[in-house]
2 protein chains.
Amino acid sequence: MGKQRPGSPTLEEVAARAGVGRGTVSRVINNAAGVKDSTRRTVQRAIAELGYVPNLAARSLAGRRADAVALAMTERDWRLFGEPFFSEIVRSVGDALADTSVQLLLTLVRTDAERKRFVEYARGGRVDGVLLMSVRAEDRLPDMLAEAGLPTVLLGRRSGDERVTYVDADNVGGARDAVEHLLRAGRRRIAAVTGPLDMYVTQCRLRGYREALAAAGVDPLPTLVVEGDFTEDSGRRATAELLERHPDLDAVFAASDTMAAGALGVLRAAGRRVPEDVAVIGFDDFTLARHTEPSLTTVRQPLEEIGRTMVRLLLEEFEQPEVAWRHVILRTRLVVRDSA
Amino acid sequence: MGKQRPGSPTLEEVAARAGVGRGTVSRVINNAAGVKDSTRRTVQRAIAELGYVPNLAARSLAGRRADAVALAMTERDWRLFGEPFFSEIVRSVGDALADTSVQLLLTLVRTDAERKRFVEYARGGRVDGVLLMSVRAEDRLPDMLAEAGLPTVLLGRRSGDERVTYVDADNVGGARDAVEHLLRAGRRRIAAVTGPLDMYVTQCRLRGYREALAAAGVDPLPTLVVEGDFTEDSGRRATAELLERHPDLDAVFAASDTMAAGALGVLRAAGRRVPEDVAVIGFDDFTLARHTEPSLTTVRQPLEEIGRTMVRLLLEEFEQPEVAWRHVILRTRLVVRDSA
DNA sequence: GTGAAAGCGCTAACAG
DNA sequence: CTGTTAGCGCTTTCAC
């Protein structure tokens, strides 16, 4: 099987060729200080001539780092992978790591078998740390990794008292802002299309929705809340159901902009005018920001910053292993685009 | 930095605890035959009690495999990552590897720095092989990997005489089928929205388009061909330009279904009736198959099978390193959904 | 069947 | 500044 090509030159051969000791070669390839310039040159020539490439397994074993971190998607439902939310996170994490020597490894953790394999991979020392996206409340993976001493950073938290480092947006406040905006516009029959109810992020956004209604003295009808799964399709289904239950609804708050896009389609197809007749507000801003009319309001979650912060926290975990965990909440922003 | 938790139990400690030699423990964790059942049990208990996890760096170093393969996206333009094409490929490759002990590692190779880092990673022996998606004609990455002795499989080829193992669809034949279908329906003014012209896949689909026109004796107007980049947005732009140049066009052949979706939107917005007034045919079948009306025809590229085949070829490379390269072309299928 | 010993290729600590 | 020396933790002969 494919280990490094047998007969691939080793550090020792480079040393022999350059007429120096192994330590010196090691210093050169690691850009360590304290090597005479001429020696360094000699070694570099030998490296080039031999086409030497360091064996990373040996390097890892000899101590030090794996020089790699994993960004794991723990999603049974693979459809989500294509969602802009994830590609944006991946992009921003990649950007944050671009100028380092750390290789970013995306992994899928869908089934139990994949989970087991990934844990062995990570605990086996092939990565220095792990970033986790979209973790469900009951998922023990973060704890398994963190307890094994692996620096671990979550995107979002699993519950109110998360004991693993995470970055999250102010979901309660963002959702409240959104619904208050609708209320200020005179809407009263406000529906909510939520994410999966077993995710803490969903619970937070739903809470924000309810808090806003309560503060305005609006009765919170349970039938105005429908669960989706963050996909556009679920946004469509949920909205269709809402229209059936409440033909008189005059606004929809969607807990993700992808679902908001689905909601929009259904509302239009049903002959409702947006936003005159019915208003839609979406959480997040990738899909809607690009594709739809300028009359839509969104609560923006700073994805770029989330990715960057995850990386920053991971690097901090490397440097300060004595900190048990850290939490960062990013502020959301209401972006009003009512055509009025 | 985050190597395996210092003080993490080693194989030697397990051996001591179980009262056996290191060799025996090694056999047990590798499920090798030739260990008495009772001994095996004893060792497994010791492993469980200590919470032992094998150090993968040591395992790699001691010979054998990395037990991991990389699936690299060499795309400067990150937008493509979210396209269904890629998520489908990733999913199918993941499925094909699901029952193995091989960890799938997705990597982004966008910039030169990332390319360098990835080559060092792969050549450093951290993976047993590499799968590459969407490689441009001038990209030397596949050669660098293959020459280093790394089993490498491409999705698509860079040119007519690719010297690295690949899986590809019959793009010429598929495109010809598509355009012939339009010709049979009586269309004559057939436009083509292509992918980037520096990609071989684009050249093939364009050739199929031209061959079909030539066979039917239709004049191939150069102005009927516009270059896109496989995104929906480029499909929109290209189609808008085509409508301006040729208000009389009566059919559009899009070199990807994502672009076809964009084309559809623009045609509709321009007041053209599809398919009565103008016909659209898309290559590939993910987006269109799901989201649009049943009156659309597509050339289906078997994505699921492509991913599976890539994995199969990679495993064959592991087992038969004496084969220089292998090529597999998968048949496409015309799926007619004209509402007529 | 099982234990002992010899590395895999590199880093890091220590002499010089 | 640079060479030498110990391992890192595992797999793999090779004896027993």
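Q: Is Arg110(A) buried or exposed?
A: This is a predicted model in which local features need pLDDT of at least 70 and side-chain atom pairs count only at pLDDT 80 or more, while totals for chains, interfaces and linings use all residues. Residues are numbered from 1 along each chain as its sequence is written, chains are lettered from A and ligands numbered from 1 in the order in which they are written, and side-chain values use heavy atoms, leaving out hydrogens and water. Buried means under 20% relative accessible area, exposed over 50% and partly exposed in between (1.4 Å probe, protein chains only). Arg110(A) has 9% relative accessibility, so the class is buried.

Q: Which residue forms a salt bridge with Arg110(A)?
A: A salt bridge is a side-chain nitrogen of Lys or Arg within 4 Å of a carboxyl oxygen of Asp or Glu. Arg110(A) sits in the loop between strand S2 (103–108) and helix H6 (112–126) of chain A, and the pair crosses between chains to helix H5 of chain B. Helices (H or I, at least four residues) and strands (E, at least two) are DSSP runs, numbered from the N terminus. With the closest N and O atoms 3.1 Å apart, the partner is Asp95(B).

Q: How many salt bridges does the rule find across the interface of chain B and chain A?
A: One pair is Asp95(B) with Arg110(A). Another is Arg110(B) with Asp95(A), at 3.1 Å from N to O. For the interface of chain B and chain A, the rule gives two.

Q: Which element gives the largest share of the side of chain B that touches chain A?
A: The contact (heavy atoms within 4.5 Å) takes 57 residues from chain B and 58 residues from chain A. Elements giving two or more residues on the chain B side are helix H4 (56–61), helix H5 (84–96), strand S2 (103–108) and helix H6 (112–126). The largest share is nine residues, and this comes from H6(B).

Q: Which backbone nitrogen does the side chain of Glu114(B) reach?
A: Glu114(B) lies in helix H6 of chain B and is buried, with a relative accessible area of 3%. Not counting residues up to four places away in sequence, Glu114(B) touches Gly94(A), Ala98(A), Leu108(B) and Val109(B). At 2.8 Å, the side chain of Glu114(B) reaches the backbone nitrogen of Arg110(B).

Q: How far apart are the closest N and O atoms of Glu232(A) and Arg236(A)?
A: Both residues lie in helix H10 (residues 232–245) of chain A, four residues apart. Glu232(A) counts as partly exposed at 30% relative accessibility, and Arg236(A) counts as partly exposed at 24%. The salt bridge has its closest N and O atoms apart by 3.3 Å.

Key: A polar contact is a pair of N or O atoms within 3.5 Å; within protein, one must be able to donate a hydrogen and the other to accept it, and residues adjacent in sequence count only if both atoms are side-chain atoms.
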